[in-house]
Amino acid sequence: MQIHDALIGALLALFGAVVIWHVGSFPVVAGQYYGPDLFPRLIGAGLVLLGGALVLRGRARAGLVPRLMSIPAAFEIRRGGMAALYIVASVASMVLFGEIIGAQILILAILMSGLLARYGRPAVSIPLSIALTVLFDLTFRVLLKVPLPTGLLQDFI
């Protein structure tokens, strides 16, 4: 079963609006410019914007009365199942092996395998996955002060 983009977009926009409304009740931290509501509010705003874009795109493609649900072809179901399995395996590997191997190595492996599987171009996928891993690590460790498990890289980071 395939759900129309306009319906998914409307649900995402609604969910983003609920998130923004809910984080308004988070406490304000004295002496800081931002509080615990910053990231959920940003994510909620992104969901509203992208959900609205999906509604507009879905409506433009389907005309005035879109079919909200349809049955996709068999290869699309298999491809979607593989994508879902990839996400579950990625999260499970981070939970099970994050402390032992290290978040940076696992993130690099996850990004590289996903990009190679999707695009199949090593000249682009490998440098992009390295750059995104460094960006992700610097964002969490330096900017957000969130310690990531370093595992095998403990002596180097």
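Reader: How far apart do the C-alpha centres of domain 1 and domain 2 lie?

Author: In this predicted model, the C-alpha centres of domain 1 and domain 2 are 25 Å apart, where domain 1 covers 1-70 and domain 2 covers 72-156, with bounds that come from an automatic or database domain assignment. Residues are numbered from 1 along each chain as its sequence is written, and side-chain values use heavy atoms, with hydrogens and water left out. Because the model is predicted, local features need pLDDT of at least 70 and side-chain atom pairs count only at pLDDT 80 or more, while totals for chains, interfaces and linings use all residues.

Reader: At what angle do the axes of helix 1 and helix 2 cross?

Author: Two packed helices are described by the angle between their axes and the distance between the axes. The axes of helix 1 (residues 5-23) and helix 2 (residues 38-62) cross at roughly 160° and come within 7 Å; axes are lines fitted to C-alpha atoms, for helices over the stretch in contact, with angles running from 0 to 180 degrees between N-to-C directions. Helix 1 is therefore roughly antiparallel to helix 2, since angles under 35 degrees count as roughly parallel, over 145 as roughly antiparallel, 65 to 115 as roughly perpendicular and the rest as oblique. Helices (H or I, at least four residues) and strands (E, at least two) are DSSP runs, numbered from the N terminus.

Reader: Is the crossing of helix 1 and helix 2 left-handed or right-handed?

Author: A crossing is left-handed if the near helix is turned anticlockwise from the far one by less than a right angle, and right-handed if clockwise; that of helix 1 and helix 2 is left-handed. The residues of this contact comprise 16 nonpolar, six polar and five charged, where Ala, Val, Leu, Ile, Met, Phe, Trp, Tyr, Cys and Pro count as nonpolar, Asp, Glu, Lys and Arg as charged, and the others, Gly among them, as polar.

Reader: Which residues does L47 touch?

Author: L47, which is found in helix 2, touches L12, A13, F15 and G16, not counting residues up to four places away in sequence, contact meaning heavy atoms within 4.5 Å.

Reader: How do the axes of helix 3 and helix 4 cross?

Author: Helix 3 (residues 74-101) and helix 4 (residues 103-119) have axes that come within 8 Å and cross at roughly 155°, which means that helix 3 is roughly antiparallel to helix 4. Helix 3 passes helix 4 in a right-handed crossing, and the residues of their contact divide into 10 nonpolar, five polar and no charged.
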